[in-house]
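Please look over the sequence and the structure before reading on.

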Amino acid sequence: MNDCCHFQDQGGIFIGDNVLIGHNTVLATIDHDLDPQSRQNHYAPIHIGNNVWIGASIVITKGVSIGENAVIAAGAVVTKDVPANTVVGGVPAKIIRQLPVLQMEVVSPQPEGRRLLY
Ligand SMILES: CC(C)(COP(=O)(O)OP(=O)(O)OC[C@H]1O[C@@H](n2cnc3c(N)ncnc32)[C@H](O)[C@@H]1OP(=O)(O)O)[C@@H](O)C(=O)NCCC(=O)NCCS
């Protein structure tokens with residue numbers, strides 16, 4: 001993980017093995033109501049799969065799951081789930097490339113209670 005990352009983790013953050021996280025990454029597991037009279041908190045977890053590479057200056061919003069081997073291009077704002085083996089980029093992030101599917105062995109098992117969704 002690089003410098004100046006901010007993890008707002010009240011909703012829960014789950015990070016797989018061999019994940020790279022570039023500088024200035026923000027993981028935001030909280031939203032507020034759009035209605036200015038009622039800015040209540042809404043939480044949802046962020047899941048990051050094994051072998052994901054998150055580039056620099058990226059925001060990932062609450063409830064997003066990033067599939068294994070995915071690459072998040074620099075400067076992206078990720079608001080929806082990212083399929084495994086894809087490159088996504090832009091604001092909001094969209095798929096810009098499909099990656100070949102690699103059969104990679106996960107070196108260490110997920111500790112109890114930190115299992116990923118995929
Ligand atoms: C995504 C990245 C890995 C390049 O991947 P790639 O598959 O080689 O992509 P290409 O350069 O061939 O570009 C493919 C398309 O994606 C676009 N693209 C590339 N990087 C992009 C970005 N950061 N945001 C939005 N679109 C991007 C290109 O403009 C191109 O679009 P086009 O097909 O319309 O011309 C690279 O651009 C990147 O963002 N690297 C992260 C660098 C970084 O943050 N380093 C810090 C250390 S962690």
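Gly 49 has a relative accessibility of 0% and therefore counts as buried, the cut-off being under 20%. Gly 49 sits in the loop that runs between strand S7 (46–48) and strand S8 (53–54). Although 30 residues separate Gly 49 from Val 19 in sequence, their C-alpha atoms are 7.7 Å apart in space. The model discussed here is a predicted one.

Asn 51 belongs to the loop between S7 and S8. Asn 51 is buried as well, because a relative accessible area of 17% is under 20%. Its backbone deserves a note: phi of Asn 51 is positive, about 65°, and Asn 51 is not a glycine. In general, most residues other than glycine have a negative phi, and most peptide bonds are trans.

Asn 85 also has a positive phi, near 60°, and is a residue other than glycine. Asn 85 is located in the loop between strand S12 (77–78) and S13, and with 10% relative accessibility Asn 85 counts as buried. A cis peptide bond leads from Val 91 to Pro 92, with omega near -10°. Pro 92 is part of the loop between S13 and strand S14 (94–98).

Strand S13 (residues 86–89) contains Thr 86. Is Thr 86 buried or exposed? Thr 86 is buried, since its relative accessible area of 1% is under the 20% cut-off. A polar atom of the Thr 86 side chain lies 2.7 Å from the backbone oxygen of Pro 83. Leaving out residues up to four places away in sequence, Thr 86 touches Ala 70, Val 71, Ile 95, Arg 97, Gln 98 and Leu 99.

Next comes the chain as a whole. Its secondary structure consists of 14 strands and zero helices. Of the 118 residues in the chain, 35% are buried. Among contacts between residues at least 6 apart in sequence, 32% join residues at least 24 apart. The chain exposes about 7100 Å², and carbon and sulfur atoms supply 54% of that area.

The largest nonpolar core has 18 residues, of which Ile 48, Ile 54, Ile 60, Ile 66, Ile 72 and Val 78 touch the most other members. When neighbours within four places in sequence are left aside, Val 78 is in contact with Ile 58, Val 59, Ile 60, Thr 61, Val 64, Ile 72 and Ala 93.

The ligand remains to be described. Which residues surround the ligand? They are Gly 22, Trp 53, Gly 55, Ala 56, Ala 73, Ala 74, Val 87, Gly 90, Ile 96 and Arg 97. By class, this shell has six nonpolar residues, three polar ones and one charged one. The table lists polar atom pairs between ligand and protein.

| Ligand atom | Protein atom | Distance |
|---|---|---|
| oxygen | polar backbone atom of Ala 56 | 2.7 Å |
| nitrogen | polar backbone atom of Ala 74 | 2.9 Å |
| oxygen | N or O atom in the side chain of Arg 97 | 2.4 Å |

Taken alone, the ligand exposes 910 Å², of which the protein buries 45%.

Definitions and conventions:
Residues are numbered from 1 along each chain as its sequence is written. This is a predicted model: local features need pLDDT of at least 70, side-chain atom pairs count only at pLDDT 80 or more; totals for chains, interfaces and linings use all residues. Side-chain values use heavy atoms; hydrogens and water are left out. A residue is near a molecule or strand if one of its heavy atoms lies within 4 Å of it. A polar contact is a pair of N or O atoms within 3.5 Å; within protein, one must be able to donate a hydrogen and the other to accept it, and residues adjacent in sequence count only if both atoms are side-chain atoms. Accessible areas come from the Shrake-Rupley method with a 1.4 Å probe; for residues, only the protein chains shown count as cover. Ala, Val, Leu, Ile, Met, Phe, Trp, Tyr, Cys and Pro count as nonpolar, Asp, Glu, Lys and Arg as charged, and the others, Gly among them, as polar. Helices (H or I, at least four residues) and strands (E, at least two) are DSSP runs, numbered from the N terminus. Buried means under 20% relative accessible area, exposed over 50%, partly exposed in between (1.4 Å probe, protein chains only). Contact means heavy atoms within 4.5 Å. A nonpolar core is a set of buried Ala, Val, Leu, Ile, Met, Phe, Trp, Tyr and Cys residues joined through side-chain atoms within 4.5 Å.
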